[in-house]
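Biologist: I would like to learn how to read a model like this one. Can we take the features in turn?

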Amino acid sequence: MSWFSDKSRKFDDEKKIDSEISFHVEEMTRANIVGGMTPVEARRRAVLDFGGAEQVKQQVREVYISAMMDGLRLNLRSAMCFIRKDPSFAVVVVLTLGLGIGANSAVFSAIDAILLRPLSYSHSGELVELHQQNLKQGRLPTPVSTVRLEDWSRDNSTFQSISGFYAQNVTLNTGELPERITEAYVTPRFLQVWGVTPVLGRDFTREEEKFGGPNAALVSNRFWRMHLHSDPAAVGKIVRLDGFSTTVVGVLPASFLFPDREVDVWSPSQVDAPYAQDRSSTWFSVQGRLKPGVTRAQAQADMATVQARLGKQFPKSDGNLTVLLVPLKSVVIGSIGSSLWILYGSVSLLLLIACMNIAVLLLARTAEREHEISIRYALGASRREIIFQLLTEVLVLAVAGSVAGLAVAAGASRAFAHFSKNLPRVDEIALNWRIVMYSLVCAVVATLVCGLFPAIRGSRGSLSGSLSQSSPRQVSARNPWQSILMGVQVSLAVTLLIGAGLLLRSFQAIGRVNPGFDPNHVLTLRISGSWGETTKPEKMSQRINRTLDGLRSVPGVEAIAISGTIPGNSSGYPVELKISEGQRDPNRKVIANAHIVSAGYFDVLRIPLLAGEVCNDRSATNTVMVNQSFADTYMANFSVIGYHLAYAAASSMKPPEIRGIVGDAREESLDQLPGPAVYWCRTEAMPDPNYLIRTHGDPMAMAATLRTKIHQLEPARSVFSVMPLESHLGDQLAENRLRTILLTLFAMTAISLVCIGLYGTISYLGRTRRREVGLRLALGAVPRQITRRFLLQGLRVALIGCVAGLVLAAGLSRLLAGMLYGVSALDPATYVIVLLLTLLVATIASLVPAVRAARVEPTEVLREA
Amino acid sequence: MRELKKADLLQGTLDMLILKVVALGSIHGYGISQRIQQISKDVLQVQQGSLYPALHRLQKRRWLESEWGESENGREAKFYRLSALGRKQLAAEEASWARLSEAITLILQTVR
């Protein structure tokens, strides 16, 4: 019975009912006329005798409506009956589907929040990030210089506005203790790009954006609540940032979190300042809002023209530059997309396995209900009605499963947020109506996948079918579909197991890697500083050295150094260099990752000195260290030490001297082989470097002592990002770890489901073939032979499934190739282990029911016949 | 005891009577009500309020089939016909009615 066809027939029926009834009344009228009444009287009597015509029509209509409702109610009631008759089966189905749908909805909620939903800015599709890129030098995209940013903004014709920012940590001195605040310096038009207006106060004025103008700041909602006590009259208040008095001119809405939730203060960066006129100092991360309807390709072409013109005008600085446009959303999302899709794929495979598992169980059950179904046929049910009834039974369970699944998903999305704070947009993952709808859709799809096939097969029994014969008494025919469904399940589970196995082995390989430095017992922290200090590098260098010396004297501190990057977790900054004395292959470009460190760096991280001596960061002449890979690649057979390195691009800096060679260290990431690297030994490069402190004991135990010491040395500065170096490394592997753990979990669930499925299938086979087994035993078969037959049946299914699964995995594992480290996607060991594991599990799962199947008392079975 | 002039139909017997009447040949709703009245010598009178819902119910159960045709005096009317399923149903109901009425008669005679 289908609701839709009943609905579409409704109009038709209404008219037909009308004409059927008016025919009746007219016939009665005719009879009355024949009986001798006047036409008017005859009509009156007929209508009277007929009784309320409308009432009759209504009653006829109710026949149809109540039939439909009855059908639905009956189906639901029989579903309830079906559940009550075997509650353990219902529980298994609800739990299986609950886990399957829950895991699927959880991963979908992450995909929805991170990948599918637009960013939370108004018309966020118009937002792009702009980089400058020097293709000739093969350099990564870099930030943009102030003047160039202003040129782009003025000359383009495809953007509503372009603006840039850079962020730094500053100290808020208004409270009792100095507090670290992240401040973003923004160029004009910042609020226009983001399409926000302050909830209190105003945007910056022209005066405030000019060099030498008054200090002004927009503050975040959080800052307003925490430091300005949510004062509605906060505008005009003065805060002290890094010692400068700054007027609060406005408060931004709580929803505005750009560049990230850390930023509390936005101040104008004066683009007309004398120090901002250098085209080669690049500071700004630049975002623009496209005009409505402009495509990225159009904007890219427009910017290419603009930059080409600048290249002619300033050949030295702009000649080789191109502009790169990236949608803001992909900048925010980063590389997480492929991981999420892999997870979604595997969790969908898991749901498919769960559905097929239930299908196998249902297939067995519908076979047992053959008798009941043929009675329903005999009572006049149509096949459609029976299929619908069987599907309703499954749907009830599936909806219950999806409700359970939502609970799983709600828990999982909280866990997501808790375990992987580094994921982009992770705080946007939440249970909402989209996820609820999604899981209901999952329930319907699951119903069809696991219910339709058994229902169609189960309803094939004909009217004459098995009413007279009852199935337990005869030797039943084999049911190949059950084995086929089991085989497919095994193959899907094997695919998941191999995926998980590859990720696990890869994760192990990363864990075994020798990073080339020793991250144990190293504490990292930062001390706030302002880029304004870089105008007096000597003073800043003295300040940092004073802090270094002060901390070195703290008992428990073994060694201390500063570094621009966190070892093992840096994005890498490749630069092109020249060896002043000439190089082995003059045509070969010398490219190396640059690191800025203090001389103690190698000591703190225990990176071995291989040749020469450690550089000196306090001498008047600049010195550098290179790693072994650099020496081998560019200067083999040369005695490196004493040579001078210069930037290939014109630079005013005097080429520094190479003082020594150190061992290779995995500076960028543990899963990335170390390439050529150069360490510039300087302490005046940045105002707030990372302090790396090697301690005798647990690094975090020293944290409080060190903080106190820093407060003595620098009472006006704030300390932040205090954590062991090891947790930086952990963070860097967070995505990898999450991916590996989840996929392993899914694969384990899959193999458990297969285990249950095989157990169920063999048990069912044993039950339906009891009589056959009894006969065989009576005729002299040995129980062990019987057991072997059933066991082999299970193993054959598992083996065929395994082979199919291995082939499938070999095809699909290419998707994982980019995520693997130290294992090939076709790693034979993984494949063999998975094959053996699956066969072992299949043996165990089949053995128990196979032994039980042979434990039949022949006399008992034969007496039943 | 009050004399029954026009007997109310026993619950559930209307369906059987309709099936029986329709079994005689294709017929419309008005015809069915006339025929029941006629054959029962005016003892049984079918209320239209029960007839039409019953017809549609039987059709819904696929015991009756219907089609539109011309009536004896040239009007468009809906004719009902017994389906194979309806024929089986009628046989079953007749059998059970026979058993029931036999039993009731037996009781009435014995107890007297």
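Modeller: Start with overall dimensions. This is a predicted model. Chain A has a radius of gyration of 38 Å, while a compact globule of 865 residues would have one near 29 Å. Along its principal axes, the C-alpha trace of chain A spans about 125 × 90 × 55 Å.

Biologist: How many helices and strands does chain A have?

Modeller: Chain A has 27 helices and 22 strands. Of its 865 residues, 38% count as buried. Now look at contacts in chain A with a separation of 6 or more: residues 24 or more positions apart account for 84% of them.

Biologist: And which helices and strands are there in chain B?

Modeller: Chain B holds four helices and three strands. Read from the N terminus, their order is α-β-α-α-β-β-α. Of the 112 residues of chain B, 29% count as buried. Take the contacts in chain B between residues at least 6 apart in sequence: 49% join residues at least 24 apart.

Biologist: Now a helix pair. What describes two packed helices?

Modeller: Two numbers do it: the angle between the axes and the distance between them. Here, take helix α18 (residues 537-552) and helix α21 (residues 703-713) of chain A. Their axes come within 10 Å and cross at roughly 140°. Angles over 145 degrees would count as roughly antiparallel, so α18(A) is oblique to α21(A). The crossing of α18(A) past α21(A) is right-handed.

Biologist: Which residues of α18(A) and α21(A) meet?

Modeller: From α18(A) come R546(A), T547(A), G550(A) and L551(A). From α21(A) come L706(A), K709(A), I710(A) and L713(A). By class, this contact of α18(A) with α21(A) has four nonpolar, two polar and two charged residues.

Biologist: Let us move to single residues. Is I527(A) buried or exposed?

Modeller: Count C-beta neighbours; 20 or more within 10 Å means buried. I527(A) has 25 other C-beta atoms within 10 Å, so I527(A) is buried. I527(A) lies in strand β12 (residues 522-527) of chain A.

Biologist: What does I527(A) touch, not counting residues up to four places away in sequence?

Modeller: I527(A) touches T547(A), D688(A), Y691(A), I710(A), E714(A), R717(A) and V719(A). For a distance, take S145(A): I527(A) and S145(A) are 382 residues apart in sequence and 26 Å apart in space, C-alpha to C-alpha.

Biologist: Where does L452(A) sit, and why is L452(A) classed as partly exposed?

Modeller: L452(A) is in helix α16 (residues 433-458) of chain A. The class lies between the cut-offs of 12 or fewer for exposed and 20 or more for buried. L452(A) has 15 other C-beta atoms within 10 Å, so L452(A) is partly exposed. From C-alpha to C-alpha, L452(A) and V394(A) are 9.3 Å apart in space and 58 residues apart in sequence.

Biologist: Which residues are buried in helix α6 (residues 146-155) of chain A?

Modeller: The buried ones are T146(A), R148(A), L149(A), D151(A), W152(A) and S153(A). They pack against β1 (127-134), β2 (144-145), β3 (159-172), β10 (282-290) and α10 (296-313) of chain A.

Biologist: Last, backbone angles. What is the phi of R606(A)?

Modeller: R606(A) has a positive phi of about 55°, although R606(A) is not a glycine. R606(A) sits in the loop between α19 (601-604) and β16 (609-612) of chain A. With 16 C-beta neighbours inside 10 Å, R606(A) counts as partly exposed.

Biologist: And where is S721(A)?

Modeller: S721(A) is in strand β22 (residues 719-724) of chain A. S721(A) also is not a glycine, and has a positive phi of about 50°. S721(A) counts as partly exposed because 15 C-beta neighbours lie inside 10 Å.

Terms used
Residues are numbered from 1 along each chain as its sequence is written. Chains are lettered from A and ligands numbered from 1 in the order in which they are written. This is a predicted model: local features need pLDDT of at least 70, side-chain atom pairs count only at pLDDT 80 or more; totals for chains, interfaces and linings use all residues. Helices (H or I, at least four residues) and strands (E, at least two) are DSSP runs, numbered from the N terminus. Axes are lines fitted to C-alpha atoms, for helices over the stretch in contact, and angles run from 0 to 180 degrees between N-to-C directions. Angles under 35 degrees count as roughly parallel, over 145 as roughly antiparallel, 65 to 115 as roughly perpendicular and the rest as oblique. A crossing is left-handed if the near helix is turned anticlockwise from the far one by less than a right angle, and right-handed if clockwise. Two residues are in contact if their C-beta atoms, placed from the backbone, lie within 7 Å. Ala, Val, Leu, Ile, Met, Phe, Trp, Tyr, Cys and Pro count as nonpolar, Asp, Glu, Lys and Arg as charged, and the others, Gly among them, as polar. The radius of gyration is taken over C-alpha atoms; the globule rule is 2.2 Å times the number of residues to the power 0.38.
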